[in-house]
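Reader: Please take one part of this model and go through it closely, residue by residue where that helps. Then set it beside other parts of the assembly, and give the cut-off for each term as it comes up.

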There are 8 protein chains.
Amino acid sequence: MSKVAIIMGSENDKNIMSGAEKILQDFQIEYETYIMSAHRNPLKVQEFSKNARENGFCVIICGAGYAAHLAGVVASFTTLPVLAVPIDSSPLKGFDSLLSTVMMPSGVPVATFTVGSTGAKNAAIFAVELLSIKDEALKERLDSFREGFNR
Amino acid sequence: MSKVAIIMGSENDKNIMSGAEKILQDFQIEYETYIMSAHRNPLKVQEFSKNARENGFCVIICGAGYAAHLAGVVASFTTLPVLAVPIDSSPLKGFDSLLSTVMMPSGVPVATFTVGSTGAKNAAIFAVELLSIKDEALKERLDSFREGFNR
Amino acid sequence: MSKVAIIMGSENDKNIMSGAEKILQDFQIEYETYIMSAHRNPLKVQEFSKNARENGFCVIICGAGYAAHLAGVVASFTTLPVLAVPIDSSPLKGFDSLLSTVMMPSGVPVATFTVGSTGAKNAAIFAVELLSIKDEALKERLDSFREGFNR
Amino acid sequence: MSKVAIIMGSENDKNIMSGAEKILQDFQIEYETYIMSAHRNPLKVQEFSKNARENGFCVIICGAGYAAHLAGVVASFTTLPVLAVPIDSSPLKGFDSLLSTVMMPSGVPVATFTVGSTGAKNAAIFAVELLSIKDEALKERLDSFREGFNR
Amino acid sequence: MSKVAIIMGSENDKNIMSGAEKILQDFQIEYETYIMSAHRNPLKVQEFSKNARENGFCVIICGAGYAAHLAGVVASFTTLPVLAVPIDSSPLKGFDSLLSTVMMPSGVPVATFTVGSTGAKNAAIFAVELLSIKDEALKERLDSFREGFNR
Amino acid sequence: MSKVAIIMGSENDKNIMSGAEKILQDFQIEYETYIMSAHRNPLKVQEFSKNARENGFCVIICGAGYAAHLAGVVASFTTLPVLAVPIDSSPLKGFDSLLSTVMMPSGVPVATFTVGSTGAKNAAIFAVELLSIKDEALKERLDSFREGFNR
Amino acid sequence: MSKVAIIMGSENDKNIMSGAEKILQDFQIEYETYIMSAHRNPLKVQEFSKNARENGFCVIICGAGYAAHLAGVVASFTTLPVLAVPIDSSPLKGFDSLLSTVMMPSGVPVATFTVGSTGAKNAAIFAVELLSIKDEALKERLDSFREGFNR
Amino acid sequence: MSKVAIIMGSENDKNIMSGAEKILQDFQIEYETYIMSAHRNPLKVQEFSKNARENGFCVIICGAGYAAHLAGVVASFTTLPVLAVPIDSSPLKGFDSLLSTVMMPSGVPVATFTVGSTGAKNAAIFAVELLSIKDEALKERLDSFREGFNR
């Protein structure tokens, strides 16, 4: 069980979220990508979230713009770790999606990352870190990745 | 069918949302009040929202703080008008709940009002306005209410 | 009585507000569009607002940028529901029009939607929702519209 | 014609706006104070503004909180100089009243001062400066007032 | 004595401030334009400001970007009315110049207008309004200008 | 290896971060708490971070106020998952610590939670979720915790 | 020549700025404190600034609130290093003084520190650091001060 | 000992930081430029910072974007004066790097300058000012530089 889900609220978020896919490919982590909106497809989101754990996912990365409720809605239906990427697609350029995502109320956590494409990459790296806790080989690939910064 | 629902995300929002109840009492509009969180009680919220229209509600007022997803989640399960009151309960004092509520993405509208207790009153007055469209008597009570401003 | 009014403060807001017109056309709702500024044409705005109900309008959608007072001024002259779209036309890119619109003081509500073209669409959908309260056929068209999200 | 009008949107703004009255008293400028809301008493505001010049006023100071439209509405009905004091009475603590006031669209200016009681004083001093253009005695009293800063 | 001064902090502000010149030309108001920075040319600014009244100026319009101190520095050396236009030239796009200008401390007022080119126009119209207090002909030209809004 | 570290930048953050300790106690997760500042004790922080994995920690929760660099500095020395709680202790009330924490540049992720005490609790719950990926018993305690919301 | 000047805009800033005095006393650095406002006492500020270097000062610390121009005005009259402490005394709680201070235009630098009392302390420590460049004894006292963080 | 270090967090910051190099060249100040990230190369940053003083540096200029920790991390390892330039490279356009840099907690100061390329130039001018304290020739070159503003 070390499959990652990437969900985004709209087709338009694909460019941003592809950075997460790229990282997971580099680390050879299995992942699946879905496009579904918390507001336009709530039952799909609920269905996916409720069954994510038993369907073999261990962590869910959600990218959304505007009043970004996607990660919060997913988190309300699963106790898997939910990672969120606020996307700067509205005229308010990310302040709305950031605050909509990071300020979750008590009891239902969402782990929030940098606004935009940097956040997509970082959320994916965090997913790898999380999987590395009990996976020595993955830890070593992370170490190499980090060492790459100094080359 | 002219019943109003008032939903709030937490017991702590009662003081703020009582201003909405007071207005509806003054206008003799039937209403019911519920406390349920979009994140902590998502199925309750979904159940309520899906059945609201056939249970005789015509409009739903939602009050919530922090990353306030309540109104958005309700709106994703009903085509009734959803009114929202952002509540300034977090350290970011309402900027978070305002942006989380008003910046809804395309297709699923939420009508947002003033942050805090003024918003609770105004959302309720708006509900009365909405009911007044086809109710001459209510229109006249609204006119009197407005005239009261000049006394 | 199910006619919708769309008012905007300036010719420059037409591109944004045409999204509202498109939605109303799709739902076959009768509407009329006006360009008048709360500050440059206050008597026109007043005249329109005072007579809107008896002229057969049931809801008024207002789009404006900068210190957007249009919806508030309209709302001060009518008890019809007033919907507002803050437009990001100033250097402050919508934070000014959003706060000028949503933070209405006690007694005179304005229902505010997303900043920009998404808000124009959502305000129009909300108008349809409002009209659907006592119009079963419209409710069904809204249901189809929503189902379209999952196709 | 050297009378100043002070208008405020609500009884609650009195404490803030009394600083303006105090300055005008110190400079022995005639003034009149009114409480009327742009939204709750629009006709009173309009009536006052349209007749202000012929009623002997030469400048109008407006104090208001929340989405502060008062100065903008007054300015839409007069070509007298309109001075505005944004008041920090809402949960958003003055950012809303500041942006609602200062960001007036093209053609109808409002002169905006500091948020809160400092702004009330400064708007009144500005009114005195404006009257001093053609009043040598007043100019000298302003000079003394300024010299007082160094004592 | 009805000459207006227009000062700007940098050559780069010319495009923005030309809107003020255009308005004054339209109203046939005499004006002079200066480029001098509060920080790079403080003595020039001081010299100008101290002598402005006796040099026949009745009002000073200041446009500046970044931490815009120009209007405040001018105001510290004259009791003439000082009008300010915050310019959105820095990466913070006008929030910095707006707050640097409008939030003047007690005793030394600066009248602030809209950020950017709209503010340049509005500050000039306000200067005309101010001159119209004791100039019936100017008042009538302002009335015609306003009537033009409805044509 | 399922020990959690809680680090905070200052004694003053204890009240906020005790909410994280309480959650870990409730879930019977082993944890250790440290007070060390990224700026005042950089070598301690480095030492701790470099050895955290081999010292049996699987996740590190960091709470800090002002320009909150603590989580970022810890993350630069470990590939363990780093969770961060921005604390609203400065005059800017959390906007500074939030942006300092969540906007991490590419390559070194930090998972950010709600500003203040709600964030402390949510970060701890997230740590439990993360540990639950390969711990069925913990998953069931999380399910009970969630069911508690509906009682 | 190693005397430090501390200037503040108002008596009310004393509590905040005393933290700077305390640090300089601890490091046995000679300093003088002045209260003078950039706007209310511009000639005093100018006089002081122009002569500061020849009067034996090597660095000037300025604390001010609201639209804080003090440091910028001082810097326009001296090429000594000017350090600034934005003070959160206005209703906008420091965002105004921060942006007014830090966003200085090209050519006239001001070194800005944390908003409020922390900034007063840090500006003074920075002054000591600056003096330590050519003062080995002072460098050692700074080292001890830093080591104190780990005790 | 009058060498200046310029450090930036990423290759992408070169365009911005070259303005600092240009100033130092104009004033014939020796400098060295480094690219190293606080998060991706923490040991390099630490090594550099710890040895900067004995390697002949007297001041360190740091430019970084996003959650800009670079200056703070450098400052935690040296008692040399650290100057910081927040860079507007993220979607939040500099508000994040500004607050991450200027709001340093008590005890470890960082002198912050204007966001973006203006800040790079100003930080370098400040470094020259700082070196001028005990260098009469440099003071005179600064005076000429300033006089250039009036030509």
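Author: In H4(A), the buried residues are Asp96(A), Ser97(A), Leu98(A), Leu99(A), Ser100(A), Thr101(A) and Val102(A). Buried here means under 20% relative accessible area, exposed means over 50%, and partly exposed is the range in between, with a 1.4 Å probe and protein chains only. This is a predicted model, in which local features need pLDDT of at least 70 and side-chain atom pairs count only at pLDDT 80 or more, while totals for chains, interfaces and linings use all residues. Residues are numbered from 1 along each chain as its sequence is written, chains are lettered from A and ligands numbered from 1 in the order in which they are written, and side-chain values use heavy atoms, without hydrogens or water.

The helix spans residues 95-102 of chain A and is mostly covered, with 7 of its 8 residues buried. Helices (H or I, at least four residues) and strands (E, at least two) are DSSP runs, numbered from the N terminus. Within chain A, the buried residues of H4(A) pack against strand E3 (57-64), strand E4 (82-86) and strand E5 (111-112). Other chains take part too: helix H4 (95-102) of chain B, and helix H4 (95-102) with strand E5 (111-112) of chain F. Chain D does not touch chain A, and the nearest C-alpha atoms of the two are 15 Å apart. Chains C and F also have no contact, with their closest C-alpha atoms 17 Å apart. Contact means heavy atoms within 4.5 Å.

Helix H4 of chain E holds Asp96(E), which is buried because its relative accessible area is 0%. Apart from neighbours within four places in sequence, Asp96(E) is in contact with Tyr66(E), Ser90(E), Leu99(G) and Met103(G). From Asp96(E) to Gln25(E) there are 71 residues in sequence and 30 Å in space, C-alpha to C-alpha.

Lys93(E) sits in the loop between strand E4 (82-86) and helix H4 (95-102) of chain E. Lys93(E) counts as partly exposed because its relative accessibility is 46%. On the surface, Lys93(A), Lys93(C), Lys93(E) and Lys93(H) gather in a patch of positive charge. Patches are made of residues with over 30% relative accessible area and no salt bridge, with like charges joined within 9 Å and nonpolar side chains (Val, Leu, Ile, Met, Phe, Trp, Tyr) within 5 Å.

Tyr66(B) is not a glycine, yet has a positive phi of about 50°. Tyr66(G) likewise has a positive phi of about 50° without being a glycine. Most residues other than glycine have a negative phi. In chain B the residue lies in the loop between strand E3 (57-64) and helix H3 (70-75), and Tyr66(B) is buried at 15% relative accessibility. Tyr66(G) lies in the loop between strand E3 (57-64) and helix H3 (70-75) of chain G, and is buried at 16%.

One joins Arg146(D) to Glu129(D), with the closest N and O atoms 3.1 Å apart. That pair links distant parts of the chain, 17 residues apart: Arg146(D) is in helix H6 (residues 136-147) and Glu129(D) in helix H5 (residues 117-132) of chain D. Arg146(D) is buried at 10%, and Glu129(D) is buried at 1%.

In chain E, Lys139(E) and Asp143(E) form a salt bridge at 2.4 Å, N to O. Lys139(E) and Asp143(E) are about one helical turn apart because 4 residues separate them in helix H6 (residues 136-147) of chain E. Lys139(E) is buried at 17%, whereas Asp143(E) is partly exposed at 24%.

Lys22(F) and Asp26(F) pair at 3.1 Å between closest N and O atoms, and both lie in helix H1 (residues 14-26) of chain F, 4 residues apart. Lys22(F) is partly exposed at 46%, and Asp26(F) is partly exposed at 46%. An α-helix has 3.6 residues a turn, so residues three or four places apart point the same way.

Lys139(F), in helix H6 (residues 136-148) of chain F, is buried at 18%. Beyond neighbours within four places in sequence, Lys139(F) is in contact with Arg53(A), Thr79(A) and Ser132(F).

Terms used: Areas by Shrake-Rupley, 256 points an atom, 1.4 Å probe, with all protein chains shown as cover. Salt bridge = Lys/Arg side-chain N within 4 Å of Asp/Glu carboxyl O. Lys, Arg positive; Asp, Glu negative; His and termini not counted. Charge placed at Lys NZ, Arg CZ, Asp CG, Glu CD.
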